[in-house]
Amino acid sequence: MNVVVVGIGAMGGGMARALMESDVTKVVVGYDKSTEAVERFFDDARKLGKSPLTRPQSLGDSVTESTNICVISLVNEAQCQEVCFSGEENLLRLMPKGSCVVLTSTVTGTWYVLLDWI
């Protein structure tokens, strides 16, 4: 299984590292606006043989046709909105058909209901 974790801070980073240690995952990609966090995570994943071939520079580099699951662990609804639906590189456009998005961030019920049409 290939997993992308968007938001590799305190909570998302812990989830991503647990996934990295799992026998179920083949590749674990950590994506964050902090390039330092991405570099550290990539280096750690590479040491365990769980990294992609190159360090992701963008969300579009992180999510590929082989991505099965994307875990979102962001601070707020606005960040989730941006990652999921805004700009050219968003999860709605990038995630392969049949893949799964797991939202661990706190969002309002109104925002969640908007997802019903997807």
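Two strands pair if DSSP finds at least two bridges between them. Strands here are DSSP runs of type E with at least two residues, and helices are runs of H or I with at least four residues, both numbered from the N terminus. This is a predicted model, in which local features need pLDDT of at least 70, side-chain atom pairs count only at pLDDT 80 or more, and totals for chains, interfaces and linings use all residues. Residues are numbered from 1 along each chain as its sequence is written, and side-chain values use heavy atoms, with hydrogens and water left out.

## Strand β1 and its partners

Start with strand β1. It pairs with strand β2 (residues 27-31) in the parallel sense, over five bridges. In this pairing, Val6 has Tyr31 of β2 as its bridge partner. Between β1 and β2 the chain passes through helix α1 (residues 10-20), and this β-α-β crossover is right-handed. To check that, view the strands pointing away from you: right-handed means that the path from the first strand over the helix to the second runs clockwise.

Strand β1 also pairs with strand β3 (residues 69-72), again parallel, over four bridges. Here Val3 stands opposite Ile69 of β3.

Is β1 buried or exposed? Buried means under 20% relative accessible area, exposed means over 50%, and partly exposed lies in between (1.4 Å probe, protein chains only). Five of the five residues of β1 (residues 2-6) are buried, so the strand is largely enclosed by the rest of the structure. In a regular strand the side chains alternate between the two faces of the sheet. Both faces of β1 are covered. Asn2, Val4 and Val6 are buried on one side, and Val3 and Val5 are buried on the other.

Asn2 lies in strand β1. Its relative accessibility is 14%, so Asn2 counts as buried. What does Asn2 touch, leaving aside its neighbours within four places in sequence? Contact means heavy atoms within 4.5 Å. By that test Asn2 is in contact with Lys26, Val27, Ser66, Thr67, Asn68 and Ile69.

An α-helix has 3.6 residues a turn, so residues three or four places apart point the same way. Two helices are worth a look here.

In α1, the buried residues are Gly12, Gly13, Ala16 and Met20. They cover an arc of only 100 degrees around the axis, which puts them on the same side of α1. The arc is that of the directions from the helix axis to the C-beta atoms. These buried residues of α1 pack against β1, β2 and α2 (35-47).

In α4, the buried residues are Cys80, Val83 and Cys84. Their arc is only 95 degrees around the axis, which puts them on the same side of α4. The cover over the buried residues of α4 includes β1, α3 (59-62), β3, α5 (91-94), β4 (100-103) and α6 (109-114).

## Cysteines

A disulfide is a covalent bond between the sulfur atoms of two cysteines. The test used is a pair of cysteine sulfur atoms within 2.5 Å. How many disulfides does the structure hold? It holds zero. Cys80 is in no disulfide, and the nearest cysteine sulfur, that of Cys84, is 6.0 Å away. Cys80 has 0% relative accessibility, so it counts as buried. For Cys100, the closest cysteine sulfur is in Cys70, at 9.4 Å, too far for a bond. Cys100 is partly exposed, with a relative accessible area of 36%.

## Salt bridges

Side chains of opposite charge can pair when their charged atoms come close. A salt bridge is a side-chain nitrogen of Lys or Arg within 4 Å of a carboxyl oxygen of Asp or Glu. A search of the whole structure finds five salt bridges.

| Pair | N to O distance |
|---|---|
| Arg17 and Asp44 | 2.8 Å |
| Glu82 and Lys33 | 3.1 Å |
| Glu88 and Arg93 | 3.0 Å |

Arg17 and Asp44 meet in a salt bridge. This pair links distant parts of the chain: Arg17 is in helix α1 and Asp44 in helix α2, 27 residues apart. Arg17 is partly exposed at 31% relative accessibility, and Asp44 is partly exposed at 27%.

Glu82 and Lys33 form another salt bridge. This pair also links distant parts of the chain: Glu82 is in helix α4 (residues 77-85) and Lys33 in the loop between β2 and α2, 49 residues apart. Glu82 is partly exposed, with a relative accessible area of 38%, whereas Lys33 is exposed at 67%.

In the pair of Glu88 and Arg93, Glu88 is exposed, and so is Arg93.
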